[in-house]
Amino acid sequence: KGSSYERIVFALDQESCLPLQIQFFEPGKAQPRKELTTDPRSNLKHGSLWVAHSALMRDLQNLTTTHLMVDSHEQEQLLPGGQFTVEALEQSVREAK
């Protein structure tokens with residue numbers, strides 16, 4: 001609910017589990033409206049965590065590009081372990097309605 005996109009397609013790097021490509025499809029469209037890509041060479045491991053340091057978001061309709069760069073990062077606290085359980089996600093969907 002509330003998304004402009006009917007479908008989102010991911011391609012993930014097998015080693016880091018970070019996205020290599022994400023395509024965003026508007027309702028009823030066969031071609032993606034937007035596409036986010038990362039360069040796997042920019043994926044760096046910090047301790048036990050991987051961080052994508054460079055990504056490009058392209059609007060394929062408006063022909064614009066945004067370059068996202070991470071030049072530093074801090075991790076203060078991990079997300080709670082139960083945040084991404086089926087029950088928690090279902091509850092989040094119910095609350096959004």
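Is Tyr5 buried, partly exposed or exposed, and what is its relative accessibility? Tyr5 counts as partly exposed, at 22% relative accessibility; buried here means under 20% relative accessible area, exposed means over 50%, and partly exposed is in between, with a 1.4 Å probe and protein chains only. Before going further, a word on what you're looking at. This is a predicted model, in which local features need pLDDT of at least 70 and side-chain atom pairs count only at pLDDT 80 or more, while totals for chains, interfaces and linings use all residues. Residues are numbered from 1 along each chain as its sequence is written, and side-chain values use heavy atoms, with hydrogens and water left out.

Let's start with the overall layout. The protein chain has one helix and seven strands, and along the sequence they run β-β-β-β-β-β-β-α. Both kinds of element are DSSP runs numbered from the N terminus: helices are H or I with at least four residues, strands are E with at least two. Of the 97 residues, 20% count as buried. The chain exposes about 7,700 Å², with carbon and sulfur atoms supplying 53% of that; accessible areas come from the Shrake-Rupley method with a 1.4 Å probe, and for residues only the protein chains shown count as cover. As for contacts (heavy atoms within 4.5 Å), take those between residues at least 6 apart in sequence: 20% of them join residues at least 24 apart.

Now back to Tyr5. The structure holds one aromatic pair, and Tyr5 and Phe24 form it, tilted, at 5.3 Å centre to centre with 55° between the planes. The pair links distant parts of the chain, with Tyr5 in the segment before S1 and Phe24 in strand S2, 19 residues apart. For the cut-offs, rings of Phe, Tyr and Trp (its six-membered ring) pair if their centres lie within 6.5 Å; planes under 30 degrees apart are stacked, over 60 edge-to-face, and the rest tilted. Phe24 counts as buried, at 14% relative accessibility.

Another ring to look at is that of Phe25. Arg7 lies over its face, at 3.9 Å from the ring centre. A charge sits over a ring if NZ of Lys or CZ of Arg is within 6 Å of the ring centre and within 35 degrees of the ring normal.

Leu12 sits in strand S1 and is partly exposed, with a relative accessible area of 47%.

Next, two loops. Cys17, between strand S1 (7–12) and strand S2 (19–25), has a positive phi of about 65° although it is not a glycine. Cys17 is exposed, at 55% relative accessibility. Leu63 also has a positive phi, about 60°, without being a glycine. You'll find Leu63 in the loop between strand S6 (54–59) and strand S7 (64–69), exposed with a relative accessible area of 74%.

Finally, Leu44 lies in strand S4 (residues 43–46) and is partly exposed at 41% relative accessible area. Leaving aside neighbours within four places in sequence, Leu44 is in contact with Leu49, Trp50, Val51 and His53. Leu44 and Ser16 are 28 residues apart in sequence, and their C-alpha atoms are 8.8 Å apart in space.
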